[in-house]
Amino acid sequence: MFSLARKVALVTGAGSGIGAAIAQTFGRAGAFVLVTDREERTGRETLARIQTEGGQGEFVLLDVTRLEDCERAVQRVLAGGRPLDVLVNNAGVGHVGTILQTAGQDLDRLYAVNVRGVFNVTKAFLPSMLQRKSGVILNLASIGGVVGIRDRLAYCASKFAVVGLTKAMALDHAADGIRVNCICPGRVETPFVAARLKEYPDPQRAYQEMAATQAVGRMGKPEEIAAAALYLASDEAAFITGTAFLIDGGWSAGK
Ligand SMILES: NC(=O)c1ccc[n+]([C@@H]2O[C@H](COP(=O)([O-])OP(=O)(O)OC[C@H]3O[C@@H](n4cnc5c(N)ncnc54)[C@H](O)[C@@H]3O)[C@@H](O)[C@H]2O)c1
C-alpha cells in the first residue's frame with residue numbers, strides 16, 4: 001500500500017461518499033487527516049471512523065463557498081504547527097437537466113461549489129505550500145468534465161472548468177514543487193447519485209441505465225476512487241501532474 005506517513009492531508013466534503021472514503025483511506029495510509037465538510041455531524045462521523053481504525057485527524061467545519069471558513073481552516077492548520085501536504089478538493093454538488101431545464105440559479109449554485117469552491121480553498125492553502133516548495137492538490141472532477149453527459153448541462157460545465165483549472169495550475173506551479181491533478185470518476189454509488197436518482201420519474205430504471213453506462217455494467221465504489229487518490233497523493237506519483245485521471249469503468253472507451 002502507498003504511504004502517507006508523516007503527511008497532513010485535508011479533504012473537503014469528507015462527510016459522505018467519495019470524500020469520506022478518501023479521508024479513511026488516507027487515515028489508514030498514515031496521514032493526519034483534516035476532515036472537513038459543511039455538515040458537522042457527518043464530518044465528525046468520518047473522523048470517528050478514522051480514529052476507530054487507529055488513524056489520526058481532526059474535524060474542521062468548512063463550507064467551500066465561504067471565504068471566512070477557508071481562512072479559518074488555514075489559521076487552524078497553521079496554529080496546529082502541521083503544514084498541509086495534500087489538499088483534496090472533493091466537495092461537489094449536482095443537478096439534472098438540459099439547458100432548458102436549468103435555471104440560471106442552478107448554474108450559479110453548481111459553479112459556486114464545484115468551481116469557485118475549488119478556487120477558494122486552493123487559493124487559501126497554496127501560499128503555505130509555495131513557501132515550503134512542496135504540495136499535492138487533487139481535485140474531484142468527473143467523467144462529465146471530459147465528455148458531455150445528457151441532462152447534466154450545469155454539472156458538465158462546472159466539471160470541465162475543474163479540469164481546466166487543474167491543468168492551468170499544474171503548469172503554473174510545477175516549478176514550485178507542487179503537483180495538481182484531478183480524478184474523473186464515472187458513476188460511483190454514493191448519496192450524490194441517490195439524490196440525482198430521486199430527480200427521475202422512474203428511479204429504478206434510471207439506476208439500471210446509469211449502471212449500464214459503464215462498460216463493466218456497474219457503478220464504481222467510493223473505495224475504488226480513494227485508492228487512486230492515495231496513489232496520486234503519494235510520493236510514488238511524483239512524475240504525475242496536470243492529468244485528468246479517468247476511473248470510469250470503461251465509460252469513455254467508446255460505445
Ligand atoms: N458519485 C458520483 O457518481 C461522482 C462521479 C463523478 C464525480 N463525482 C464528484 O465527486 C465528489 C464527491 O461526490 P460524492 O458522490 O461523494 O458526493 P456526496 O453527495 O456523497 O458527498 C458530497 C459531500 O460534499 C459536501 N458538500 C457539499 N457542498 C459543500 C460545500 N459547499 N462545502 C463543503 N462541503 C460541501 C456534502 O455535505 C457531502 O458531505 C463531487 O465533487 C462529485 O461531483 C461524483
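Helix 1 passes helix 8 in a right-handed crossing; a crossing counts as right-handed if the near helix is turned clockwise from the far one by less than a right angle, and as left-handed if anticlockwise. Helices (H or I, at least four residues) and strands (E, at least two) are DSSP runs, numbered from the N terminus. The model is predicted: local features need pLDDT of at least 70, side-chain atom pairs count only at pLDDT 80 or more, and totals for chains, interfaces and linings use all residues. Residue numbers start from 1 along each chain as its sequence is written.

The axes of helix 1 and helix 8 (residues 222–233) come within 8 Å and cross at roughly 50°. Axes are lines fitted to C-alpha atoms, for helices over the stretch in contact, and angles run from 0 to 180 degrees between N-to-C directions. Helix 1 and helix 8 are therefore oblique to each other (angles under 35 degrees count as roughly parallel, over 145 as roughly antiparallel, 65 to 115 as roughly perpendicular and the rest as oblique). On the helix 1 side, Gly-17, Ile-18, Ala-20, Ala-21, Ile-22, Thr-25 and Phe-26 meet Pro-222, Glu-223, Ile-225, Ala-226, Ala-227, Ala-229 and Leu-230 of helix 8, where contact requires C-beta atoms, placed from the backbone, within 7 Å. By class, this contact of helix 1 with helix 8 has eleven nonpolar, two polar and one charged residues. Ala, Val, Leu, Ile, Met, Phe, Trp, Tyr, Cys and Pro count as nonpolar, Asp, Glu, Lys and Arg as charged, and the others, Gly among them, as polar.

For helix 3 (residues 67–79) and helix 4, the axes come within 9 Å and cross at roughly 30°. That makes helix 3 roughly parallel to helix 4. The crossing of this pair, helix 3 and helix 4, is right-handed. Leu-67, Cys-70, Glu-71, Ala-73 and Val-74 of helix 3 make the contact with Asn-120, Val-121, Ala-124 and Phe-125 of helix 4. Seven nonpolar, one polar and one charged residues form the contact of helix 3 with helix 4.

Around the ligand there are 30 residues, of which Gly-13, Gly-17, Gly-92, Thr-190 and Phe-192 come nearest; a residue is near a molecule if its C-beta atom, placed from the backbone, lies within 6 Å of it. Helix 1 (17–28), helix 4 (104–132) and helix 6 (191–197) each supply at least two residues of this shell. The shell around the ligand has twelve nonpolar, 13 polar and five charged residues.

The protein has eight helices and seven strands. Along its principal axes, the C-alpha trace spans about 50 × 40 × 35 Å.

How values were computed
Contact = placed C-beta atoms within 7 Å.
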